[in-house]
Amino acid sequence: MNKIRNEWIYFWTAVMFFTRIPVPFQLPYSSEIMNRSQRYYPWVGLLIGIINAFVFGACTSIFSVEVSIIISMISSVLLTGAFHEDGFTDVCDSFGGGYGKEKIMTIMKDSRIGAYGVIGITLLLGLKFLALNETAHFDIATACFVIVTGHTVSRFISSTMIYTHQYVTDIDVSKSKPIATKALPLSSLLIGFIAVLLPFAIFQQWKYFPAIAFAFPGKIYLGWYFKKHIGGYTGDCLGSVQQVTEVLWYLGVIVIWKFI
């Protein structure tokens, strides 16, 4: 029973830190609990994806597909508090405007958004909208599947950074976003991967599984880039990996739909 209770705590810890979904009970906190919650990051993505897909599907009965996608994207931002989008803009500003590790890390902790961040997030959200709009031409059910898996796959890929790269301590610890920084046994990675497989099994859309191969190189490149310039990753780096691989997943699905 204690093991089940602990897993329950780890899951809701991940929900509490990475969404704005109310947790109706008090949770204990420690760095160990935070580290162990990493196995449930893709499950948080699954939860967010299901809600967003429901919002999208419900809206299509009233509004156009384009309006429904925008409302779904808004629901995603509201659910997460733009947690990952904020990380992406910080990475755009810091790596775009900084030179050298110290300068990059300083800019990354600045709460203000600069030109690189504005341009980056505008292009990213625009590409995300257009990609989702194209997947909606398949059919509504498939579009809902793509939304669910986009949130799940991208969070799983982002979580693998913890296993492959070193965490870089932020200059100002008081402004650091709480994240897991210690890799767990590979069995924990398997728990997250189950969340990735569930939508494929439920929707029976296994033909799109290879789209993961389109998304994963985004993580590999960003991981290399971050290591080259700052020696590893930060919480903002994980957020940017999630955002980039989510869009790459959508593009990969489109490629498979058209050519494979």
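The paragraphs below lead from the overall fold of this predicted model to one of its helices, its cysteines and a patch on its surface. Residues are numbered from 1 along each chain as its sequence is written, and side-chain values use heavy atoms, with hydrogens and water left out. Because the model is predicted, local features need pLDDT of at least 70 and side-chain atom pairs count only at pLDDT 80 or more, whereas totals for chains, interfaces and linings use all residues.

The chain holds 12 helices and 0 strands, where helices (H or I, at least four residues) and strands (E, at least two) are DSSP runs numbered from the N terminus. Along the principal axes, the C-alpha atoms fill a box of roughly 50 × 50 × 35 Å. The radius of gyration of the chain is 18 Å, which agrees with the value near 18 Å for a compact globule of 260 residues; this radius is taken over C-alpha atoms, and the globule rule is 2.2 Å times the number of residues to the power 0.38. Of the 260 residues in the chain, 52% are buried, a term that means under 20% relative accessible area, while exposed means over 50% and partly exposed lies in between (1.4 Å probe, protein chains only).

Helix H5 (residues 83–97) has 15 residues, and the 21 Å between its end C-alpha atoms agrees with the span of 21 Å that it should have at 1.5 Å a residue, the expected span being 1.5 Å times one less than the number of residues. H5 is mostly covered, with 12 of its 15 residues buried, among them Phe-83, Phe-88, Cys-92 and Phe-95.

The structure holds 0 disulfides, a disulfide being a pair of cysteine sulfur atoms within 2.5 Å. For Cys-144, the closest cysteine sulfur is that of Cys-59, and at 11 Å it is too far for a bond. Cys-237 is likewise in no disulfide, since the nearest cysteine sulfur, in Cys-92, is 11 Å away. Cys-144 counts as buried at 12% relative accessibility, and Cys-237 is buried with a relative accessible area of 0%.

On the surface, Leu-190, Ile-194, Leu-198, Ile-202 and Phe-203 form a nonpolar patch with about 440 Å² of accessible area together. Accessible areas come from the Shrake-Rupley method with a 1.4 Å probe, and for residues only the protein chains shown count as cover. Phe-203 is found in helix H10 (residues 186–203), and with a relative accessible area of 33% Phe-203 is partly exposed.

Methods:
Patch = residues over 30% accessible without salt bridge, like charges linked within 9 Å, V, L, I, M, F, W, Y side chains within 5 Å. Salt bridge = Lys/Arg side-chain N within 4 Å of Asp/Glu carboxyl O.
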